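This briefing is intended for a reader who is meeting the structure for the first time. Please keep the sequence and the model in view while reading.

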Amino acid sequence: MRPDTVRWGILSTAGISDALIPGLLAAEGSELAGIASRSRDKAEAAGARWGCPAYASYEALLDDPSIEAVYIPLPNHLHMEWTVKALEAGKHVLCEKPLTLTVGEVDVIAEAASRCGRHVLEAFMYRHAPRWRRAVELVAAGTIGEPRVVRVGFAFAVPLDTANIRFIPEVGGGIIWDMGCYATNMARGILGREPTEVFGFPYVRDGQPTETTVTGVMRFGPRVTAPYWVSFEFPNPFAQVEVVGSDGWLLLPGTGFRREPQTKLLLHRGDAEIYTNGVEPSIETFPFVDPYRLEVEHLADAIRGRAPLEYGLADARANTAALEAMHASIARGAPAPVAGG
C-alpha cells in the first residue's frame with residue numbers, strides 16, 4: 001500500500017455501489033476502509049462481501065478519523081444532508097448524481113465545503129473515460145466546425161413498481177433526476193457552455209406517480225440546440241450521443257457504462273464527400289477502462305494535491321439549474337429559462 005493511500009468509506013449498502021466498488025478496489029492510491037448501514041446485519045454482510053470493516057451507522061463511519069473520503073449512494077433527497085455531515089466530519093465526498101434536487105442545496109454544500117476545506121465531486125463517472133475525453137477534445141478543437149446540434153438519448157425499461165425508489169417523487173424520483181441529469185451533463189460538457197432555455201414533454205405511465213419519459217430540447221443560444229430523450233419505457237438506442245457541426249459530425253455508439261469490452265467513436269469531416277464518393281466515417285476504438293476507477297483516482301489525486309479537481313461545485317450547480325428548468329418547463333407546458341444560462 002502506498003503511504004499516501006486515501007482511505008474510503010461508503011454510506012449505505014445501496015445496489016448502485018456494486019458498480020463503483022470494483023473500481024475503488026482497483027484504483028491506484030485508494031483503499032476501501034469501511035461500509036456503513038443503518039442495519040448492522042446489512043453492514044456486516046457488505047463488509048464480508050467486499051473485505052472491509054462494517055459500521056452499524058453512518059455516524060459511526062463518519063466519526064472514524066482514519067477515513068478521509070466517503071462515497072454517498074443514498075437516495076437523492078438525502079444527498080445534501082449527508083454530504084454536509086461528511087464535510088463537517090472532515091471527509092472529502094464523492095456523491096452520486098444528482099448531487100442535490102435544488103440549486104439552493106448545492107449552495108449549502110458549497111458553503112460547507114469551503115468552510116471545511118474539503119472536496120466534493122458529483123459522480124458522473126463517464127466524464128473520466130478516454131472516449132468521452134476524446135470527443136470533448138475533438139469538438140473543442142473545431143474538428144467538426146461549429147457545433148449546431150447535440151443529440152442525447154438514454155433509456156432502459158423499468159417495470160411498473162410503485163415501491164421502486166425511481167418512481168417516488170418525494171425522494172427525488174422520476175426520469176429527469178435519474179437520467180435527465182446525464183443528458184444535461186453531457187450536452188453541457190461536450191459544448192463547454194450552458195443552456196439558456198429548456199423545453200420538455202412528459203409522459204407518465206399509468207399507475208406511476210412521476211414522469212417515466214421526457215423528450216425535449218435544450219437551447220444553447222440562438223444557433224445551438226440539444227434534443228434529448230430519457231425514458232424508463234424502452235431500450236437504449238444504438239448511440240447515446242451525437243454531435244453535428246458545421247463541417248462534420250461525431251457519434252458515440254454504445255453506452256460506455258456497461259463494461260463493454262470496447263467502445264467506438266465515429267467521426268466524419270466535411271459534407272459533400274459522403275454523398276459524392278461514399279466516404280465512410282473514421283473510427284477510433286477504445287478498449288475498456290473502468291470509469292469508476294478513473295473517477296476515484298481523480299478525486300484521490302485532488303485530495304493529495306497531485307492534480308486539481310476538474311469538476312467542481314460550480315459545474316454541479318449549473319447542471320442542477322438546467323434540471324430545475326426541465327421540471328419547470330413540464331409544469332408550465334412551455335419553455336423555461338435556465339437560471340444563469
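Pro-98 is found in the loop between β5 and α5 (103-116), where helices (H or I, at least four residues) and strands (E, at least two) are DSSP runs numbered from the N terminus. The peptide bond that leads from Lys-97 to Pro-98 is cis, with omega near -15°. The model is a predicted one, in which local features need pLDDT of at least 70 and side-chain atom pairs count only at pLDDT 80 or more, while totals for chains, interfaces and linings use all residues. Residues are numbered from 1 along each chain as its sequence is written, and side-chain values use heavy atoms, with hydrogens and water left out.

**Backbone features**

- Most residues other than glycine have a negative phi, and most peptide bonds are trans.
- Ser-12 is not a glycine, yet its phi is positive, at about 110°.
- Ser-12 is placed in the loop between β1 and α1 (17-26).

**The six-stranded sheet**

- Six strands form an open sheet in the order β3-β2-β1-β4-β5-β6, with parallel pairing; two strands pair if DSSP finds at least two bridges between them.
- β3 (54-55) and β6 (120-123) stand at the edges with a single partner strand each, so one side of each has no neighbour in the sheet.
- Three bridges join strand β1 (residues 6-11) to strand β4 (residues 69-72) in the parallel sense, and Ile-10 stands opposite Tyr-71 in β4.
- Helix α9 packs on the sheet and touches β1, β2, β4, β5 (92-96) and β6; contact means heavy atoms within 4.5 Å.
- The direction of α9 makes about 170° with that of β6; axes are lines fitted to C-alpha atoms, for helices over the stretch in contact, and angles run from 0 to 180 degrees between N-to-C directions.
- Helix α2 (residues 40-50) lies across β2 (30-36) and β3, and runs at about 155° to β2.

**The nine-stranded sheet**

- A second open sheet has nine strands in the order β14-β13-β12-β11-β7-β10-β9-β8-β15, and its pairing is mixed.
- β14 and β15 are the edge strands, each of which pairs on one side only.
- Seven bridges link strand β8 (residues 197-203) with strand β9 (residues 213-219) in the antiparallel sense, and Phe-199 stands opposite Val-217 in β9.
- β8 is also joined by two bridges to strand β15 (residues 336-337), with the two running antiparallel; here Val-198 stands opposite Ala-336.
- Strands β12 (residues 248-253) and β13 (residues 262-269) pair in the antiparallel sense over four bridges, and the bridge partner of Trp-249 in β13 is His-268.
- Helix α10 (residues 313-332) lies across β8, β9, β10 (225-231) and β15, at about 55° to β8.

**Packing of α6 and α7**

- The axes of α6 and α7 come within 8 Å and cross at roughly 45°.
- The contact is made by Trp-132, Ala-135, Val-136 and Val-139 of α6 together with Met-186, Gly-189 and Ile-190 of α7.
- Six of the residues of this contact are nonpolar, one is polar and none is charged; Ala, Val, Leu, Ile, Met, Phe, Trp, Tyr, Cys and Pro count as nonpolar, Asp, Glu, Lys and Arg as charged, and the others, Gly among them, as polar.

**Pocket and cavity**

- On a 1 Å grid over the protein atoms alone, a cavity is a set of points where a 1.4 Å probe fits but cannot get out, and a pocket is an open set with protein on both sides within 12 Å along at least five of seven lines; lining residues have an atom within 4 Å of a point.
- The largest pocket has a volume of about 790 Å³, a volume being the space filled by probe spheres set on grid points that are joined across faces, edges and corners.
- This pocket is lined by 33 residues, with Ile-16, Glu-96, Lys-97, Arg-166 and Asp-178 the closest to its centre.
- α7 (175-191) and α9 (291-303) are the elements that give two or more residues to the lining of the largest pocket, and α7 supplies the largest share, four residues.
- One cavity of 30 Å³ or more is found in a search of the whole structure.
- The largest cavity holds about 250 Å³ of space.
- Its lining comprises 21 residues, of which Ala-129, Arg-131, Thr-255, Gly-256 and Thr-263 lie nearest its centre.
- α6 (130-140), β11 (239-245) and β14 (282-287) each supply at least two residues of the lining of the largest cavity, and α6 gives the most, with three.
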